Structures are given as structure tokens and as C-alpha cells.
Amino acid sequence: MLSEADLIFPDWPAPANVRTLQTTRNGGLSQGSYASLNLGDHVGDDAMAVAANRQLLSPFLPTEPVWMRQVHGTKVVDAGQASCLPEADAAFARTSETVCCVMTADCLPVLLCDRAGTVVAAVHAGWRGLLNGVIEAAVATMQIAPQDLLVWLGPAIGPEAFEVGTEVRDAFIGKDGAAQSAFLPHGEKWLANIYLLATQRLQAMGVTGIYGGTYCTYTEPRRFYSYRRDQNTGRMASLIWLSQK
């Protein structure tokens with residue numbers, strides 16, 4: 001049922017042994033508001049449907065992904081050593097065929113690798129995690145010079161749809177004054193550009209190889225899940241791993 005047409009294969013200059021995959025909401029077995037490729041087992045969907053959806057990914061992956069219990073924090077785990085369902089919001093791997101994975105439905109998924117293809121990472125960057133440094137934490141665990149990193153920003157809520165309060169804007173500007181440019185006034189609230197906020201954080205560390213950031217989960221209901229749009233909805237997965245050379 002799941003075909004390549006239902007998936008996104010990130011367009012970025014990663015080395016040949018770095019493999020990536022981005023799911024959409026299409027190609028699965030879930031019904032109703034979770035239709036159809038819901039991969040989240042914590043959102044109220046039928047457990048058997050979620051398990052079947054995850055099984056549909058098998059032909060595209062070398063091993064079962066390291067699924068995490070994401071809590072909008074900054075903890076990073078070694079996917080090659082992780083226990084079952086670790087509580088974390090980022091994972092890295094240096095061993096081949098260890099699949100790092102984050103799930104999102106508006107939050108920003110960030111995939112990273114080094115130009116030499118020796119380490120990969122996946123980051124779940126909702127605004128809280130982004131504010132508190134989850135991307136910086138992941139980069140630190142990779143132990144790679146920033147100029148040697150490549151980053152792909154996956155599907156997230158776009159800058160014309162992500163409405164936030166003044167407290168969110170003030171919190172980001174309090175961390176970095178440059179963040180002011182990532183917020184536009186919208187009545188009594190603000191429209192936040194989570195792609196720009198992440199890019200600013202990466203550039204501040206010296207990372208320049210940044211790609212992606214062109215989707216909007218909120219405004220593409222036929223392709224993406226969006227919690228902000230639908231509340232009861234599924235989750236998509238962003239996956240990255242090192243293949244055997």
C-alpha cells in the first residue's frame with residue numbers, strides 16, 4: 001500500500017551512505033482523523049493500525065527505527081545504545097543501519113549529518129525545544145565542526161500559519177535579539193517563522209549547509225498532519241541513518 005509516491009526523499013547534498021526518509025499522512029491504514037499513515041502510538045489511534053503502519057515502512061528501512069517518547073525537551077540519546085522508547089527529543093547514531101527518528105505534526109523535524117558520513121542525528125524541534133536549545137544539544141553530541149555539518153529542515157507549520165503570543169516572541173528575543181526578524185505582527189499576536197528561528201540558531205553555531213524549510217503542514221491538509229489545524233490527528237516521521245559502505 002505504501003509507495004515511494006507517498007513519501008518525501010529529502011533533496012540535500014548528503015553523502016551517499018546517509019539515507020533519509022520523510023513520511024506524509026498518505027499510504028497507510030488508519031481511519032478517520034488519523035487517516036492514513038499515522039505513526040504515532042500516543043495520539044488515540046487504534047494500536048493495531050499504528051503497528052501496521054509502522055510495518056509498512058519496513059521495505060524502506062534497514063532496521064526498526066528508534067522511536068522516542070518526545071517531551072519537548074532538549075535531551076539527546078545515542079540511538080545505537082538507547083533503551084526501548086527513550087524519553088528524549090533528539091537522537092544521534094554513529095553505527096550503520098541505526099535509524100534515528102522523530103515524529104511531528106507541526107513541530108519542526110531537523111535531520112543532520114556530517115559531510116564525511118560518519119554521524120547522523122534527528123531532532124524534534126517544537127518551539128519550546130528550539131527555544132531551550134535542542135538543536136544545539138544535538139550538534140554538541142555529534143562532535144563535528146559546524147562547517148562540516150549538513151542540515152535538512154523538514155515539514156513544519158509555515159510562517160503564515162504559526163500564530164503565537166507575545167510571551168513566545170519575547171522569550172526568543174530574550175535569547176537572541178536577531179530572532180525579532182522571525183516574528184510578524186498579527187493582530188494582538190504574532191506569526192512566527194520556525195524555519196528562520198532554527199536557521200538563526202544553526203548559523204549562530206557556524207552551520208551554513210542548511211536545506212529544506214519549504215513546506216507548511218498547516219496549509220497542506222491532504223499531505224500533512226497538523227495538530228494546530230486538527231487537534232486530533234496523526235504523526236509523521238522523519239528518519240535518518242547510515243547505510244553500510
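These legends go with close-up views of a predicted model.

**View A. Helix α3 and its buried residues.** Take a look at helix α3, which spans residues 134–142. Its buried residues are Val 134, Ile 135, Ala 138, Val 139 and Met 142. Down the axis of α3 these buried residues fall within an arc of 140°, so they line one face of the helix.

View B. Cys 113 is buried, at a relative accessible area of 0%. Cys 216 is in no disulfide either, as its nearest cysteine sulfur, in Cys 107, is 13 Å away. Cys 216 also counts as buried, with 10% relative accessibility.

**View C. A cis peptide bond in a loop.** Here Ala 35 and Ser 36 are joined by a cis peptide bond, with omega at about 0°. Ser 36 sits in the loop between β2 (18–23) and α1 (47–56). For context, most peptide bonds are trans.

View D. Most residues other than glycine have a negative phi. His 72, not a glycine, has a positive phi near 60°. This histidine lies in the loop between α1 and β3 (76–78) and is partly exposed, at 37% relative accessibility. Glu 97 is not a glycine, yet its phi is positive, about 65°. You will find Glu 97 in the loop between β4 (90–93) and β5 (100–104), partly exposed at 28% relative accessibility.

Note on methods. Residues are numbered from 1 along each chain as its sequence is written. This is a predicted model: local features need pLDDT of at least 70, side-chain atom pairs count only at pLDDT 80 or more; totals for chains, interfaces and linings use all residues. Side-chain values use heavy atoms; hydrogens and water are left out. Buried means under 20% relative accessible area, exposed over 50%, partly exposed in between (1.4 Å probe, protein chains only). Helices (H or I, at least four residues) and strands (E, at least two) are DSSP runs, numbered from the N terminus. The arc is that of the directions from the helix axis to the C-beta atoms. A disulfide is a pair of cysteine sulfur atoms within 2.5 Å.
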